[in-house]
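Please open the model in your viewer and keep the sequence panel at hand.

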Amino acid sequence: MKRVLITGANSYIGCSFEAYIKKNEREWIVDTVDMIDGSWREKDFSEYDAVFHVAGIVHQKKGAVPDDIYYKVNCDLVIDVAKKAKEEGAISSVGMPDDWANWAGSWNKIAETYGIEHDDTDMSS
């Protein structure tokens with residue numbers, strides 16, 4: 001049995017992934033956690049085989065979201081989730097192409113700054 005935690009409850013990608021898994025993968029359990037209120041920090045990541053982080057600000061016109069909020073969500077939050085996942089278990093990112101919400105840049109920065117490596121399966125094609 002595989003257990004996956006989706007960080008970013010109610011996100012389009014997270015909901016689509018969860019629906020697909022529930023329909024097609026009987027040996028998987030998928031849970032979600034909301035990232036907005038900070039309660040995710042209390043979640044025990046060690047219960048999961050993978051953390052699928054899909055919370056992010058995307059598809060916004062330049063200036064629609066203040067830069068500090070954009071970076072807080074798309075960079076700092078990624079780092080915080082990765083650090084928590086490392087402390088509590090392995091990191092796996094599944095399905096997101098490197099150019100989506102600057103995943104490649106985010107993971108490179110995490111590796112460079114914190115020495116956190118991740119395993120990535122790009123399922124974008």
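This is a predicted model: local features need pLDDT of at least 70, side-chain atom pairs count only at pLDDT 80 or more; totals for chains, interfaces and linings use all residues.

With a relative accessibility of 42%, E47 counts as partly exposed, because the partly exposed class lies between the buried limit of under 20% and the exposed limit of over 50%. R3 belongs to strand β1, whereas E47 sits in the loop between β2 and β3, so the pair ties together parts that are 44 residues apart in sequence. R3 is also partly exposed, at 24% relative accessibility. Select D31 as well, and a network of salt bridges linking R3, D31 and E47 comes into view.

**The sheet**

Next, display the strands. Three of them form an open sheet in the order β2-β1-β3, with parallel pairing. β2 (28–33) and β3 (50–53) are the edge strands; each has a single partner strand, so one side of each is left without a neighbour in the sheet. On average, neighbouring strands of this sheet are turned by 25° against each other, direction ignored.

Select β1 (residues 2–7) together with β2: their parallel pairing runs over 6 bridges. Within this pair, V4 is placed opposite V30 in β2. Then turn to β1 and β3, which pair in the parallel sense over 4 bridges. Here L5 has V51 of β3 as its bridge partner.

**Helix α1**

Select residues 12–24, which are helix α1; this helix lies across β1, β2 and β3 and runs at about 160° to β2. Together, β1, α1 and β2 make a right-handed β-α-β unit.

Within α1, pick E18. Is E18 buried or exposed? E18 is buried, because its relative accessible area is 17% and buried means under 20%. Leaving aside neighbours within four places in sequence, the contacts of E18 are I6, V30 and T32. E18 also forms a salt bridge with K22, where the closest N and O atoms are 3.0 Å apart. The two residues are 4 apart in helix α1, and are therefore separated by about one helical turn. K22, by contrast, is exposed, with a relative accessible area of 58%.

Centre the view on V81: apart from neighbours within four places in sequence, V81 is in contact with M35, W40, F45, V51 and H53. In soluble globular proteins, nonpolar side chains tend to be buried together.

**Helix α2**

Finish on helix α2 by selecting K84 and E88, which are 4 residues apart, about one turn of the helix. Their side chains meet in a salt bridge, at 2.7 Å from N to O. K84 is buried, with a relative accessible area of 9%, while E88 counts as partly exposed at 25% relative accessibility. A search of the whole structure finds 5 salt bridges.

Notes: Residues are numbered from 1 along each chain as its sequence is written. Side-chain values use heavy atoms; hydrogens and water are left out. Two strands pair if DSSP finds at least two bridges between them. Axes are lines fitted to C-alpha atoms, for helices over the stretch in contact, and angles run from 0 to 180 degrees between N-to-C directions. Contact means heavy atoms within 4.5 Å. A crossover is right-handed if, with the strands pointing away from the viewer, the path from the first strand over the helix to the second runs clockwise. Buried means under 20% relative accessible area, exposed over 50%, partly exposed in between (1.4 Å probe, protein chains only). A salt bridge is a side-chain nitrogen of Lys or Arg within 4 Å of a carboxyl oxygen of Asp or Glu.
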